[in-house]
Amino acid sequence: MKWTLISQGGAADQTLGKALAASSAVGNFDRLDVAVAYATLPGVKALALAVGGIPQVSRWVVGLDDAISQPEALEYIEQLPGSELRVVKLTPSRRFHPKMYLLWSSSEKSNAAAAIGSGNMTVNGLRKNGEVAVILTAEAAKEANALKKQWREMWNLGHSPSVQELTDYKELFKKAKKQRKKVADIGAAPPEPDPHEVVGEEPTFDGSPKSATIAWLEVGSANAGGRDLEFPKAMMPYFALSASPEKRKFVTVDGQEHALVFTKRVQNDMWRLMLNSASIQSAVNRTTTRPASGANRSDLAIVFRKLSGTKKFEMQLLKITSQRFKSIVKQSKGIDAQFVTRNGPGGRRFGYI
């Protein structure tokens, strides 16, 4: 079993949401199982963004203890295609208090990854609070089954809610919300989350690479053992490049920072970014962008995100077949911001959001 520790809310710019995004990108997952103490509607949407969209089959077990889970979140989950919702209430003697997010494949028995920690299914829990989590990635069917078994322990504590139970819970939630506001007003707790909070990835893209938040490029046939990536000139405004060579800083999902150099090639007016083995290892857990089969053309795309308030970029290497990457491409297509380096079989897609 592989494991990665995540500390959210510190200086490393790590978040549980980003860790889930990285896990969903490298695995061919088509199932999602969630067990959380508290859920908000924006939290469900933030999770969907993190994993590249809710799979066609999903199961959710959500706590009603403390009357913190938003009724809007429960209603939203119930209407998701292929979803199954259970709720749990263990008060007054104890609480339902897990935070487990499990991604797995229905066809590849050894393919599963779980995030287990302190972060609830809220925007703060997935992105902002001081939280810790461990990401467990199975390497064999036995390990995948162990993760599924632990999640089922939580699932078995729940039950399908009746219409009356959800109606009664709405009334209880309203009363508890008023009491929590009193606690928030004296500065002893954060304000109540707004169920209508916007949780989109970033502000609207106006069409120019310079204004984009996310930029992506299929790796293709990278040189230098799969480390030397060629970029079209059209992408350079995204990185605010003009001179050559020029250095930029990139942060991988494990929180490591890598200073890498862009160099312009006069022959074809393209730019190259030389990745080092450490940056590839940090991003995708191997030392080359070339596939394990040994083929020259990569099975990966490189995805960048501008880190607000800094001159740094988050960098991920995602499998082209992953749901996360497909979601990014779909968003780019939707705003006419997908392009190709050249026509023909050697061309590579790139785009912006």
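This is a predicted model: local features need pLDDT of at least 70, side-chain atom pairs count only at pLDDT 80 or more; totals for chains, interfaces and linings use all residues.
Residues are numbered from 1 along each chain as its sequence is written, and side-chain values use heavy atoms, with hydrogens and water left out.

In general, side chains of opposite charge can pair when their charged atoms come close. One of the bridges joins Glu-218 to Arg-349, with the closest N and O atoms 2.7 Å apart. This pair ties together distant parts of the chain: Glu-218 is in strand β8 (residues 214-218) and Arg-349 is in strand β16 (residues 349-352), 131 residues apart. Glu-218 counts as buried because its relative accessibility is 8%, whereas Arg-349 is partly exposed at 27%.

Another salt bridge links the side chains of Glu-246 and Arg-248 (3.0 Å, N to O). Both Glu-246 and Arg-248 are buried. There's also a network: salt bridges with shared partners join Lys-18, Arg-305 and Glu-314.

## A sheet of 7 strands

Now for some strands. An open sheet of 7 strands runs in the order β1-β7-β6-β5-β2-β3-β4, with mixed pairing. At the edges are β1 (2-8) and β4 (83-88), each pairing on one side only. On average, neighbouring strands of this sheet are turned by 10° against each other, direction ignored. That angle comes from axes, which are lines fitted to C-alpha atoms (for helices over the stretch in contact), and angles run from 0 to 180 degrees between N-to-C directions.

Two strands count as paired if DSSP finds at least two bridges between them. Take β5 (residues 99-104) and β6 (residues 112-117): they pair in the antiparallel sense over 5 bridges. In that pairing, Leu-103 stands opposite Ala-113 of β6.

## Two hairpins in a row

Further along, strand β10 (residues 246-251) and strand β11 (residues 257-265) run antiparallel, joined by 6 bridges. Val-251 faces Glu-257 in β11. The hairpin of β10 and β11 has 5 residues between the strands, and Gly-255 there takes a positive phi near 90°.

Strand β11 is also joined by 4 bridges to strand β12 (residues 270-274), again antiparallel. Lys-264 has Trp-271 in β12 as its bridge partner. This hairpin has 4 residues between the strands, and its Asp-269 has a positive phi near 60°.

Which way does helix α2 lie against helix α3? The axes of α2 (residues 41-50) and α3 (residues 71-79) come within 7 Å and cross at roughly 45°, so α2 is oblique to α3. Under 35 degrees would be roughly parallel, over 145 roughly antiparallel, 65 to 115 roughly perpendicular, and the rest is oblique.

Leu-41, Val-44 and Lys-45 of α2 make the contact (heavy atoms within 4.5 Å) with Glu-72, Ala-73, Tyr-76 and Ile-77 of α3. These residues split into 5 nonpolar, no polar and 2 charged. In this sorting, Ala, Val, Leu, Ile, Met, Phe, Trp, Tyr, Cys and Pro are nonpolar, Asp, Glu, Lys and Arg are charged, and the others, Gly among them, are polar.

Two peptide bonds are worth a look. The one from Thr-91 to Pro-92 is cis, with omega near 15°, and Pro-92 lies in the loop between β4 and β5. The one from Ser-244 to Pro-245 is cis too, with omega near -5°.

Definitions and conventions
A salt bridge is a side-chain nitrogen of Lys or Arg within 4 Å of a carboxyl oxygen of Asp or Glu. Buried means under 20% relative accessible area, exposed over 50%, partly exposed in between (1.4 Å probe, protein chains only).
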